[in-house]
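Please view the sequence and the structure before reading on.

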Amino acid sequence: TAVRSAFQNILALFSQSVGWTLIPEQTLPSGKRPDGTLRDSFNLPRGYWEAKDTKDDLATEIRKKISAGYPITNTIFEDTRRAVLYQNNRPVDEADLANEKELLRILDGFIHYTPPDIENFERAVEEFKESIPDLAQGLLERIKEEHAANKEFVAAFSTFLELCRTSLDPHMSSATVNEMLVQHLLTERLFRTVFDNPDFVTRNVIASEIEQVIQALTRRAFNRREFLKTLDRFYLAIENAARNLDDWSEKQRFLNTVYERFFQGFSTKQADTHGIVYTPQEIVDFMCSSVDVILKQEFGSSLSTPGVQILDPATGTGNFIVNLIRRINGGTLEQKYLHDLFCNEIMLLPYYIAALNIEHAYYERTRQYKPFEGIAFADTLDLAEGRQLPLFVERNTERIVREKMAPIMVVIGNPPYNVGQKSENDNNKNRKYDIIDERIRETYVKDSKATNTRVVSDAYVKFFRWATDRLGERDGIVCLVTNNGFLDGVAFDGFRKRLAEEFTSIYVVDLGGNARKQGGGNVFGIMVGVSIIILVRARKGEKAHQTKIFYHKVQDDLKRIEKLKVLSTLGNISHIEWQELQPDQRYTWLTASIHIEFDTFVAIGSKEAKAANSISSVRAEIETIFKVYSLGIQTNRDSWMYNFDSQELAKKASSMIATYNTEIDRWVGAGSPKDIDNFVINDEAKIKWSSRLKECFARKQKANFQTSSIRNALYRPFTHQYLYFDSIMTHRQGMFPQIFPTPFTETENTVICVAGLGDRKGFGCLATNIIPNLDLAFEKTQCFPYYTYAEDGSKRRENITDWALQQFQARYGVEVTKRAIFHFVYAMLHHPAYRERYAENLKHDLPRLPLLSSASAFATCVRIGKALMELHLGYEDAAQYPLTWVEQPDQPITWRVEKMKLSSSKDALQVNAWLRLEGIPQTCYSYRLGNRSALEWVIDQYQVSEDKRSGIVSDPNRADDEQYIVRLVARVITVSLETVKLVEELAAQVSADEWLQAS
């Protein structure tokens, strides 16, 4: 037994190297149960392992297994001493397992064997994926021809388009419907063949409707069979591979994977908007089982109880409903199937697959085919909009009406996660839902203290709001697997507050996986973290309640498969050791690293103070250090609006402005059509759109290029660039028209930039006297200026409040000035003990600073803060650190930098092929801004790069000062070393013992 488990472990490890997973003792469709089945990423069986006892005769046992019908396509038989490998139904190798070379040989032969069908399939799927764009484009061209010449098709298409607009999305374009037809044409054969369902297009209420349009499309000249002949080799390979899958669930996973690959090559916009990610079975099992447990505990019912009506609002390929059908007791299954289970899907292909999967799951258990009337082709969020319209075809409408009338008790599923499109030019915005969006504003956003609540518009948040409202006043359960950003996101404070008000128990299983937070493996293979959240409302007639919040974090450093295995082992929520959370007054749930005394310190700024102030009207009683502050500026088109060379920037900016103005003229000339998104050109080589630029466009606001709008800017730490700063071309100017209104103000004003709320890169701050970027070194950079002005540069005012001056003078003497307070702030924001202790607080709040117990400590802070500020502002004039220059004699002398590279030990920097700088002190890397050291920021920014979307090249090399970059490196090293020295002095002379809470 010991040797058998060792062999299993080594077999599993070898298999992982080729992407296979070993499943011990899995029962095959034939009823046979090998000791191990190995499956690939498509869930296709790739090999088998059968272990026999040492006392058995191996040859005899192999003959018995073969006679019994065990597979020998790629199978290892072993008895801990010898192993025999069968491939393609015959023995091909034999090994002495005590001989290392023979053991390695037989394992290597096993994991690298690919049966002909599988080999053809893998090649076909990759070719299918690569060919899909061309095939789809060919179909789109044929459809375009039919639009121009086929009247019958035009009529059928127009009817279908109107159906889609009234039923699914009032803004749906004809191009989207064309894509829908292409999806249907390219994939419906797979549904007929892989699932052996030749009646699919007549049985499915939506497929039959689309077939009518296809029939009209093909009636004139377009021959569907001839065109799709080019796909025969793909289809045949996929169908042949699927023949090895006798079990329906295997077919289901297989087709899900093929479909996922399909979308990676086609319909990428839909994939981006709706999230083509399938829920692993372990998560589905855990969620369904947990809901069953809660129904029994809280409501005395179960998933099998008639009248417990369940809805999956974004069903994808139907995995949740299929799971429920397999769990429900046989005695109530028919009633539940016909009356209590509902799901919706808005995307055509997953809707098809879901209908097939669900109907077959029911057939599998009952041996009766019944259409699943609970599935609707619909946008769940749109159903809340209250539009009284036909919802696609009559049978689909009937299904939706029945669903809307149902008193849903359980909402379960995996909604899409998506804050918004990556680029406005993609013309792929998340759809607006007036009622849901308003409900989010009047609940989650209204209760939030955050300034920027954009993340609360994420699609999954809309589903939480919808699901809660869908329960109405009834008790029930909402169980969703979603982005886990709501757990600690600053802008989700109102969201967390409302969940606690609207439910009586909350269970959260935090699966981590946030790539930016090193959250270990991600269960979906995506960048954002994931969690399962179960919201329970069981008031039992009592309106007042104390909500209990239970939290469990799956170990961060586990890999994806390991996290799924944890869920599988746990089974459901009843087997978890929960941590009960005690939220603070600000509705923070994860409070372990929050220090409550932070709230007693002096705020450097507040939303309330900012709202109560304006440049022209100042109230002295505001109890903060600064009156106003601003986010750094955001262009949303950095490649166009920033440049190291002012003349190059002028060319780019004037070119884009000309394009923008020409588009306005063209739009007005066309009668100002409402659909601006689909009217304007979306070529990023000519223009980069943003939501605000389109707002200006809609108001017919033309832009005028002005040389005076070219300003100095700090793009990243110690990275000076030129910025085109303009009310139309700059997406968000913040308050910088009042902070740096003119170039002259750069000579007298200074801004302290700090990490904004929710920053994921680590707290930091940096002073500058030029316009800083929103993403300077930390996300959502907040900027606190010393002066503010009128927009013409007049009416200069100090931005530190009189209240703050009174507080500091009362404690440290009347000689304290506002400038001294400014320097004190800068010093304390650098204090290492302050940053370390309050790291979590600083993610949720703007900095609050402790007062100090002695005047001498305050004076030390002022002195060091002033020295730090002067050092950082004057970085371009700092002394150059004496590095060793190593020149390559066989290379021409050049100062040009393409991309600098640090040595592995980080003590040398390769500037270019000719020059290497050595002797970099390791201490300089201790000065960090966000997730990089100051020197690493310079290395990262001062390189030649090309923006892939626009083709614009950024080149930091200066024609008028060829050695600037090399000198900058040496200067930033000096600045870093001096900063580290000053911060160490600050830590030594002003200890945490000096910190006082506000009186």
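The sections below treat aromatic pairs, charges over rings and the surroundings of one arginine.

## Basis of the report

The structure is a predicted model.

## Aromatic pairs

The count of aromatic pairs in the model comes to 49. One of them joins tyrosine 351 and phenylalanine 377, a tilted pair with 5.2 Å from centre to centre and 45 degrees between the planes. Because tyrosine 351 belongs to helix H16 (residues 348-366) and phenylalanine 377 to strand E9 (residues 375-377), this pair ties together parts that lie 26 residues apart in sequence.

Both partners can also be described by their accessibility. Tyrosine 351 has a relative accessible area of 0% and is therefore buried, the cut-off being under 20%. Phenylalanine 377, at 1% relative accessibility, likewise counts as buried. Elsewhere, ring pairs connect Tyr444, Tyr460, Phe464, Phe486, Phe492, Phe495 and Trp589 into a cluster.

## Charges over rings

The charged end of arginine 819 is placed over the ring of tyrosine 786, at 3.7 Å from the ring centre. In another such arrangement, arginine 958 lies over the face of tyrosine 964, and the distance to the ring centre is 3.6 Å.

## Arginine 402

Helix H18 (residues 394-405) contains arginine 402. With a relative accessible area of 29%, arginine 402 is partly exposed.

Leaving aside residues up to four places away in sequence, arginine 402 touches Leu338, His339, Phe342, Glu373 and Gly374. Glycine 374 is 28 residues from arginine 402 in sequence, while their C-alpha atoms are 8.5 Å apart in space.

Notes
Residues are numbered from 1 along each chain as its sequence is written. This is a predicted model: local features need pLDDT of at least 70, side-chain atom pairs count only at pLDDT 80 or more; totals for chains, interfaces and linings use all residues. Side-chain values use heavy atoms; hydrogens and water are left out. Rings of Phe, Tyr and Trp (its six-membered ring) pair if their centres lie within 6.5 Å; planes under 30 degrees apart count as stacked, over 60 as edge-to-face and the rest as tilted. Helices (H or I, at least four residues) and strands (E, at least two) are DSSP runs, numbered from the N terminus. Buried means under 20% relative accessible area, exposed over 50%, partly exposed in between (1.4 Å probe, protein chains only). A charge sits over a ring if NZ of Lys or CZ of Arg is within 6 Å of the ring centre and within 35 degrees of the ring normal. Contact means heavy atoms within 4.5 Å.
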